Amino acid sequence: MQIKPINEIQQFFENIASPMGIEVVGVEWNDKSTSLTVFIETESGVDLDTCEKFHNAVMEPIDIFDPTYDKPYTLNVSSPGLDRPFKTVRDFERNLQKEVEIKLFAPLKGKKMIDGVLTEFDDNTVTIKTSKEEIKINRTKIAKINKAIKFD
């Protein structure tokens with residue numbers, strides 16, 4: 001099925017989300033199930049009420065926007081999940097001075113998994129402070145970086 005470009009669809013959602021204090025962190029189209037999923041985030045996290053509030057806010061305008069050129073589809077609004085990988089500069093900014101988990105393509109100092117506090121980042125490197133040292137890692141060596149998930 002033909003749909004509008006994902007970046008155009010994401011911009012549509014961002015225009016509605018921003019005044020609501022919601023950030024659109026991703027949009028995915030699943031051709032097999034003909035479903036459009038919008039992943040949202042807020043400073044305080046995402047719960048079912050936030051998803052419902054955003055879903056209700058987009059229902060009328062999305063019919064006018066018509067992302068699927070008048071073909072039926074399912075719209076889903078979801079949290080991106082606790083362990084989602086950082087993809088954007090905003091993801092890194094939001095997690096500065098917070099604990100992160102890094103999975104490497106190849107071992108560094110004998111480890112493929114490194115946990116620590118994200119202290120700096122740029123286009124090429126990520127710096128984390130572990131319990132023993134500060135480590136600067138080239139971003140091309142990182143398979144995945146995400147917020148550390150701690151269970152009490």
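In the predicted model described here, T130 touches I114, D115, G116 and I135 when residues up to four places away in sequence are not counted, a contact being defined by heavy atoms within 4.5 Å. T130 is found in the loop between strand 6 (125-129) and strand 7 (134-138), where helices (H or I, at least four residues) and strands (E, at least two) are DSSP runs, numbered from the N terminus. With a relative accessible area of 16%, T130 is buried, a term that stands for under 20% relative accessible area, as against exposed for over 50% and partly exposed in between (1.4 Å probe, protein chains only). T130 and I114 are 16 residues apart along the chain, and their C-alpha atoms are separated by 8.0 Å.

Residues are numbered from 1 along each chain as its sequence is written, and side-chain values use heavy atoms, with hydrogens and water left out. Because the model is predicted, local features need pLDDT of at least 70 and side-chain atom pairs count only at pLDDT 80 or more, whereas totals for chains, interfaces and linings use all residues.

The secondary structure of the protein comes to 3 helices and 8 strands, which follow the pattern α-β-β-α-β-α-β-β-β-β-β along the sequence. Taken along the principal axes, the C-alpha atoms fill a box of roughly 55 × 30 × 30 Å. Of the 152 residues in the protein, 36% are buried. Among contacts between residues at least 6 apart in sequence, 51% join residues at least 24 apart.

Strand 1 (residues 23-30) and strand 2 (residues 35-41) run antiparallel and are joined by 7 bridges, two strands being taken to pair if DSSP finds at least two bridges between them. Within this pairing, G26 stands opposite F39 of strand 2. The hairpin formed by strand 1 and strand 2 has 4 residues between the strands, and T34 takes a positive phi near 45° there. Strand 2 also pairs with strand 3, in the parallel sense and over 5 bridges, and V77 in strand 3 is the bridge partner of V38. Strand 2 is mostly covered, with 7 of its 7 residues buried; S35, T37, F39 and E41 point one way from the strand, while L36, V38 and I40 point the other way.

In soluble globular proteins, nonpolar side chains tend to be buried together. Leaving aside neighbours within four places in sequence, V24 is in contact with Q10, F13, E14, A17, V38, F39, I40 and F54. F12, found in helix 1, is buried with a relative accessible area of 13%, and F12 touches P61, I62 and F65 when residues up to four places away in sequence are not counted. F12 and P107 are 95 residues apart in sequence and 41 Å apart in space, C-alpha to C-alpha.

Pockets were identified on a 1 Å grid over the protein atoms alone, a pocket being an open set of points with protein on both sides within 12 Å along at least five of seven lines, and lining residues having an atom within 4 Å of a point. Grid points are joined across faces, edges and corners, and a volume is the space filled by probe spheres set on the points. About 330 Å³ of space lies in the largest pocket; of the 15 residues that line this pocket, E41, L82, R94, N95 and K147 are the closest to its centre. By class, its lining has 3 nonpolar, 5 polar and 7 charged residues, with Ala, Val, Leu, Ile, Met, Phe, Trp, Tyr, Cys and Pro counted as nonpolar, Asp, Glu, Lys and Arg as charged, and the others, Gly among them, as polar.

The second largest pocket holds about 210 Å³ of space, and the residues lining this pocket include L108, K109, I114, D115, T130 and I135. Strand 5 (residues 111-121) gives the largest share of this lining, 4 residues. By class, the lining of the second largest pocket has 4 nonpolar, 2 polar and 5 charged residues.

How values were computed:
On a 1 Å grid over the protein atoms alone, a cavity is a set of points where a 1.4 Å probe fits but cannot get out, and a pocket is an open set with protein on both sides within 12 Å along at least five of seven lines; lining residues have an atom within 4 Å of a point.
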